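Visitor: I am new to this structure and would like to learn how to read it. Where do we start?

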Amino acid sequence: MELRGKLLDVSGLKVSFYTYRGVIKALDGVELWMDSGERLGVVGETGCGKSVTSLAVMRLIEQPGEIQAGKVIFNGKSLLELSEEEMNGVRGIEMSMIFQEPRSSLNPVMKVGYQIGEAIAKSKKMPIKKTYPEVREILKLVGLDPERVMNSYPHELSGGMSQRVMIGMGLATHPKLLIADEPTSALDVTIQAQILELLDELARKMGNAVMLITHDMGVVAEFCDKVMVMYAGNSVEYASTFELFERPLHPYTGGLLLAVPRVGRTDELKAIKGTVPDLVDPPSGCRFHPRCPRVMEICKENRPPLLQVEPGHFVACYLYGNKGEVKENA
Ligand SMILES: Nc1ncnc2c1ncn2[C@@H]1O[C@H](COP(=O)(O)OP(=O)(O)OP(=O)(O)O)[C@@H](O)[C@H]1O
Ligand code: NI
């Protein structure tokens, strides 16, 4: 199989949640790929499946959710086919993740130094006590005072300091991929910029790839090499950041960019009329068609596949050809 990304290649990823309201078809054929050391921005309105995609890649989808189809090839391994034990050797070691609420990802009753040590001990299979010199180094690396922070409990740290700890923990095992899900949106604006700068500096130094999930197109423009735009559980456009901002092809991306907020502002994108569809009963054909200013008949019937229309520029939209080849699957 030809891989589109040497580090990560996600194809046809489907995830559903079985709720009392019905089956939420959260991801319906997500496509995503990354090269080593690359920064990919994953963008789209709230509920489009950004977080579920990252959790599925880490195989952290829990009940009532289920991965139903798709392939995740990471670093030469087919993750959805690994045993839980094999996956444990990947998660938090070759691939780690940081979240919006750093404090809720830390254990409130354990000292910070111990928690970072635990992450290293797991990957190096050594006792936690032996990791402390390395823990100190990591804390210095993320701009914290090791002596003070080692022996602190998470509640003694500010939001920005906690996110620094999470980044340190995430990178402690020298993963090839760090997934950051809205890593700065719970922080003050000035702290946001510092945290992004830190991520930038460390990724450069350590050479790891970063998948950055964000609402903020300003952050994407500054930080990312490539961008994947998602809409209602589908990948709709992929290009280099420059190309995407310069020549957006999908009508949804056009709307997203019109709505570009000031850096740091993360409200809803108001420029696109209508609201995100109910994923229990999503629109037929292209899920964007009810909101699309350029909708055609075919868009209501068939789902456009994500196709390369210019070198390195992919779009799932019938405005760019391939009319009628792919039938909506039931
Ligand atoms: N545990 C769950 N139970 C039921 N539905 C879920 C669950 N987690 C996610 N979903 C649904 O999956 C869809 C995608 O959610 P996801 O959190 O990935 O969106 P998102 O793009 O990350 O949004 P946001 O920008 O708000 O973080 C949504 O419709 C959401 O309601
Ligand atoms: Ni999310």
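Guide: With a cut-off: a residue is near a molecule if one of its heavy atoms lies within 4 Å of it. The model here is predicted. There are 14 residues around ligand 1, and Thr-46, Gly-47, Lys-50, Ser-51 and Val-52 come nearest.

Visitor: Which classes of residue make up the shell around ligand 1?

Guide: The shell has 6 nonpolar, 6 polar and 2 charged residues.

Visitor: How do I read a polar contact?

Guide: Look for a pair of N or O atoms within 3.5 Å. Gly-47 has a polar backbone atom 2.8 Å from an oxygen atom of ligand 1. For Gly-49, a backbone N or O atom lies 3.0 Å from an oxygen atom of the ligand. Ser-51 uses its side chain: a polar atom there lies 2.8 Å from an oxygen atom of ligand 1.

Visitor: How much of the accessible area of ligand 1 does the protein cover?

Guide: On its own, ligand 1 has 630 Å² of accessible area, and the protein covers 67% of that. Strand 1 (8–19), strand 2 (22–34) and helix 1 (50–57) each give two or more residues to the shell. Helix 1 gives the largest share, 3 residues.

Visitor: Why is helix 1 described as largely enclosed by the rest of the structure?

Guide: Buried means under 20% relative accessible area. Helix 1 is largely enclosed because 6 of its 8 residues are buried. Those are Lys-50, Val-52, Thr-53, Ser-54, Ala-56 and Val-57.

Visitor: Which residue with a positive phi follows helix 1?

Guide: Arg-59, with phi near 55 degrees.

Conventions:
Residues are numbered from 1 along each chain as its sequence is written. Chains are lettered from A and ligands numbered from 1 in the order in which they are written. This is a predicted model: local features need pLDDT of at least 70, side-chain atom pairs count only at pLDDT 80 or more; totals for chains, interfaces and linings use all residues. Side-chain values use heavy atoms; hydrogens and water are left out. A polar contact is a pair of N or O atoms within 3.5 Å; within protein, one must be able to donate a hydrogen and the other to accept it, and residues adjacent in sequence count only if both atoms are side-chain atoms. Accessible areas come from the Shrake-Rupley method with a 1.4 Å probe; for residues, only the protein chains shown count as cover. Helices (H or I, at least four residues) and strands (E, at least two) are DSSP runs, numbered from the N terminus. Ala, Val, Leu, Ile, Met, Phe, Trp, Tyr, Cys and Pro count as nonpolar, Asp, Glu, Lys and Arg as charged, and the others, Gly among them, as polar. Buried means under 20% relative accessible area, exposed over 50%, partly exposed in between (1.4 Å probe, protein chains only).
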